[in-house]
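Keep the model open as you read.

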Amino acid sequence: MSHTPSRPVAYGCLALSMSLVGSYVALTKPLAIVFPVFLLAWLRFGIGGLAMLRWLKKPSNEQPMSWQTKKLVFLESFLGNFLFTICMISGVRMTSAVSAGVIMASIPAVIALMSWIFLKERIGPRIWAAVACGAIGIGLLSLAKPAHTAGDGHETVWLGNLLVFAAVLCEASYAVIGKKLTAVLSPKRISSVINLWGFVLMTPLAFSMAIGFDFATVAPGMWLLLVFYGLAASVWTVWLWMTGLKSVPAAQAGVFTVMLPVSAALVGVVALGETLTGVQMAAFAVSLAGILLATAPV
């Protein structure tokens with residue numbers, strides 16, 4: 001098994017992981033305009049797989065994976081890699097990075113709900129209030145009409161927001177399942193194996209697109225952005241998150257997902273030239289209030 005980091009190092013890993021996730025959530029918007037969704041996801045897993053070839057080898061001190069562990073690894077990849085990538089790329093393509101950031105501010109509350117449903121953890125009034133704040137924030141988004149979206153109309157933006165929320169559900173599942181996996185597998189092995197499953201699952205959907213796609217038309221800057229996306233999404237963020245989870249309980253780790261919507265919104269405004277409308281700012285404020293309710297000490 002790998003070294004267990006100290007609490008401060010683990011906190012840093014969790015915060016940096018979610019900051020990178022928020023960054024690439026925003027930066028997939030220009031990538032999704034150039035590449036078809038399934039092809040973009042397939043290239044992401046391919047780049048990550050090449051970078052992690054050495055991590056696939058089973059360490060000599062690792063016990064053989066049980067059937068239960070294998071099921072958890074598959075679910076971690078199917079929900080946290082495969083479905084999350086499809087929903088996130090498709091959603092950001094139809095809405096704004098700022099709106100995606102606001103919706104993803106509900107992740108801590110969704111993690112709490114899933115802990116209550118699947119792990120039978122007791123949820124207090126503050127968490128229920130946080131869930132209500134997340135719902136209000138997302139509801140406010142339905143009133144916003146961002147100026148910089150790829151959709152053709154308000155209905156397309158609404159669908160994009162819904163897909164981003166589906167990605168939130170996948171991310172919350174990823175956080176809950178990941179804690180169990182870190183007890184039996186190293187962060188490097190988890191990162192490489194779930195990425196391999198993601199590549200396998202995406203191949204049937206992307207192969208025909210790859211054959212008919214004109215790669216020569218892609219600008220050099222987009223290729224550099226694609227490499228960053230592949231390494232950040234498949235390698236860096238997963239390894240950092242799993243490393244942090246080795247020392248931090250899953251519920252406490254959920255606090256650090258606040259970095260995801262903040263970084264996504266900042267990248268959308270600074271790098272993509274998006275603007276925060278009054279309604280979006282109100283939605284963001286309500287969502288962040290929910291995060292404070294869910295994570296503040298008793």
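The largest cavity holds about 100 Å³ of space. A cavity here is a set of points on a 1 Å grid, over the protein atoms alone, where a 1.4 Å probe fits but cannot get out; grid points are joined across faces, edges and corners, and a volume is the space filled by probe spheres set on the points. The largest cavity is lined by 14 residues, with Tyr 24, Glu 171, Tyr 174, Thr 237 and Val 238 closest to its centre, where lining means having an atom within 4 Å of a point. Helix 1 (7–34), helix 3, helix 7 and helix 9 each give two or more residues to that lining. Helices are DSSP runs (H or I, at least four residues), numbered from the N terminus. Sorted by class, the lining of the largest cavity comes out as eight nonpolar, four polar and two charged residues. Nonpolar covers Ala, Val, Leu, Ile, Met, Phe, Trp, Tyr, Cys and Pro, charged covers Asp, Glu, Lys and Arg, and the others, Gly among them, are polar. By this rule there are three cavities of 30 Å³ or more.

A word on what you're looking at: this is a predicted model, so local features need pLDDT of at least 70 and side-chain atom pairs count only at pLDDT 80 or more, while totals for chains, interfaces and linings use all residues. Residues are numbered from 1 along each chain as its sequence is written, and side-chain values use heavy atoms, with hydrogens and water left out.

Now for open space. The second largest pocket has a volume of about 230 Å³; a pocket is an open set of points with protein on both sides within 12 Å along at least five of seven lines. Its lining draws two or more residues from each of helix 3 (67–94), helix 5 (107–118) and helix 7 (154–181). Of the 11 lining residues, Leu 75, Phe 118, Ser 173, Val 176 and Ile 177 lie nearest the centre of the second largest pocket.

On to packing, starting with helix 1. Helix 1 and helix 11 (residues 259–270) pack at about 40°, their axes 7 Å apart. Axes are lines fitted to C-alpha atoms, for helices over the stretch in contact, and angles run from 0 to 180 degrees between N-to-C directions. The pair is therefore oblique, the label for whatever is left after roughly parallel (under 35 degrees), roughly antiparallel (over 145) and roughly perpendicular (65 to 115).

Helix 11 also packs with helix 4 (residues 97–104): their axes come within 8 Å and cross at roughly 170°. Helix 4 and helix 11 are therefore roughly antiparallel. Ala 97, Val 98, Gly 101 and Met 104 of helix 4 meet residues of helix 11 including Leu 260, Ala 264 and Gly 268, with contact meaning heavy atoms within 4.5 Å. This contact of helix 4 with helix 11 has eight nonpolar, two polar and no charged residues.

How do the axes of helix 2 and helix 9 cross? The axes of helix 2 (residues 37–51) and helix 9 (residues 220–245) come within 8 Å and cross at roughly 70°, which means helix 2 is roughly perpendicular to helix 9. Among the residues of helix 2 in this contact are Leu 40, Arg 44 and Gly 48, and helix 9 brings residues including Tyr 229, Gly 230 and Ala 233. The contact of helix 2 with helix 9 divides into 11 nonpolar, three polar and one charged residue.
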